[in-house]
Structure formats: C-alpha cells, structure tokens
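Subject: Handover of a structure

Hello,

Here is the structure I promised to pass on. Please open it first, then read my notes below.

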Amino acid sequence: MTLSNLYAGKMHAVLCRKWKTRVKGRDWYDFEWYVKRSTSLNLEHLQERMYESGNLDKNIKLDEKLFKELMYKRIENLDVDGAIKEVSPFIKDKSGFEFWSKDYFKLLTDKIIFEK
C-alpha cells in the first residue's frame with residue numbers, strides 16, 4: 001500500500017465515518033500529518049473506497065473541486081473541541097492543538113496535493 005493510498009483511506013474516514021455526535025480526533029490529527037508532509041492524495045483510490053462504502057454515487061466522479069466541497073461541508077459540522085479531547089490523551093505535546101479550528105482545517109484542505 002502506498003502512502004498516497006493510505007492517505008486516501010484516512011480521508012475516507014474523515015469524510016465518511018458515521019459516529020453520530022462523536023468525532024474521532026485521530027482522523028483529524030492524521031489528516032494534518034499528511035498535509036504537513038506534502039503527501040499526495042490518491043483521489044482515484046478515495047473515489048473507489050467511497051463507491052464501495054456507498055458514500056458516493058457511482059455516476060459521480062470525485063474530482064478536486066467536489067472533494068474540497070465535501071471537506072468544507074464536513075469541517076463546518078466538525079466539533080473541534082471534541083476532536084481535541086478525543087485525541088489529546090495520545091499526544092504528548094499539546095501545543096499543536098492551539099491552531100485547531102474550522103478555519104485551520106479549511107486551510108489544510110486548500111494545501112492538499114493531489115496525485116497526478
């Protein structure tokens with residue numbers, strides 16, 4: 001499995017995980033990790049995972065524009081404080097959480113590099 005495919009799997013979790021009112025902070029921590037390391041995202045692999053899970057209609061092509069729209073919508077509904085609380089016990093240096101906000105995650109979304 002390539003790093004760009006692992007990234008796609010993580011983005012599938014970010015976009016499609018169904019935890020109702022809970023949030024998995026580790027997904028958002030990992031998302032930040034991939035973006036900060038300039039890892040390219042395999043959008044085709046993500047699309048296939050979303051087709052398989054029923055989170056994307058097979059008649060729709062997942063392109064960069066649609067992906068970003070889905071991310072922005074997901075971020076708007078994100079409980080940032082809940083994400084921090086969930087992942088915090090696993091992280092020694094908590095100073096990075098000072099930046100966590102909906103605007104920060106939108107900024108990270110804008111910095112995603114897509115595999116060509």
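What covers the buried residues of helix H5? Helix H2 (25–36) and helix H6 (102–110) are among the elements that do. Three terms need their cut-offs here. Buried means under 20% relative accessible area, exposed means over 50%, and partly exposed lies in between (1.4 Å probe, protein chains only). Helices (H or I, at least four residues) and strands (E, at least two) are DSSP runs, numbered from the N terminus. Contact means heavy atoms within 4.5 Å.

A word on the source. This is a predicted model, in which local features need pLDDT of at least 70 and side-chain atom pairs count only at pLDDT 80 or more, while totals for chains, interfaces and linings use all residues. Residues are numbered from 1 along each chain as its sequence is written, and side-chain values use heavy atoms, with hydrogens and water left out.

Helix H5
H5 covers residues 80–87. Its buried residues are Val80, Gly82, Ala83, Ile84 and Val87.

Helix H1
H1 runs over residues 3–16 and has 14 residues. From its first C-alpha to its last it reaches 20 Å. That is close to the 20 Å expected at 1.5 Å a residue; the expected span is 1.5 Å times one less than the number of residues. Why is H1 largely enclosed by the rest of the structure? Because 12 of its 14 residues are buried. Among them are Tyr7, Lys10, Met11, His12, Val14, Leu15 and Cys16. The buried residues of H1 pack against H2, strand E1 (40–41), helix H3 (43–53) and H4.

Met71
Met71 sits in helix H4, residues 64–76. Met71 counts as buried because its relative accessibility is 0%. Which residues does Met71 touch, not counting residues up to four places away in sequence? They are Met11, Val14, Leu15, Trp28, Phe31 and Thr109. Of these, Met11, Val14 and Leu15 are buried residues of H1. His45 is 26 residues from Met71 in sequence and 16 Å away in space, C-alpha to C-alpha.

Salt bridges
How many salt bridges does a search of the whole structure find? Eight. A salt bridge is a side-chain nitrogen of Lys or Arg within 4 Å of a carboxyl oxygen of Asp or Glu. Here are some of them.

- Lys65 and Glu69: their side chains meet at 2.9 Å, N to O. Both lie in helix H4, four residues apart, about one turn of the helix. Lys65 is exposed at 59%, and Glu69 is partly exposed at 41%.
- Arg26 and Asp30: the N to O distance is 2.7 Å. The two are four residues apart in helix H2, so about one helical turn separates them. Arg26 is partly exposed at 44% relative accessibility, whereas Asp30 is buried at 13%.
- Lys106 and Glu76: these side chains meet at 2.2 Å, N to O. The pair links distant parts of the chain, with Lys106 in helix H6 and Glu76 in helix H4, 30 residues apart. Lys106 is partly exposed at 21%. Glu76 is partly exposed at 41%.

One background point for the two pairs within a helix. An α-helix has 3.6 residues a turn, so residues three or four places apart point the same way.

Best wishes
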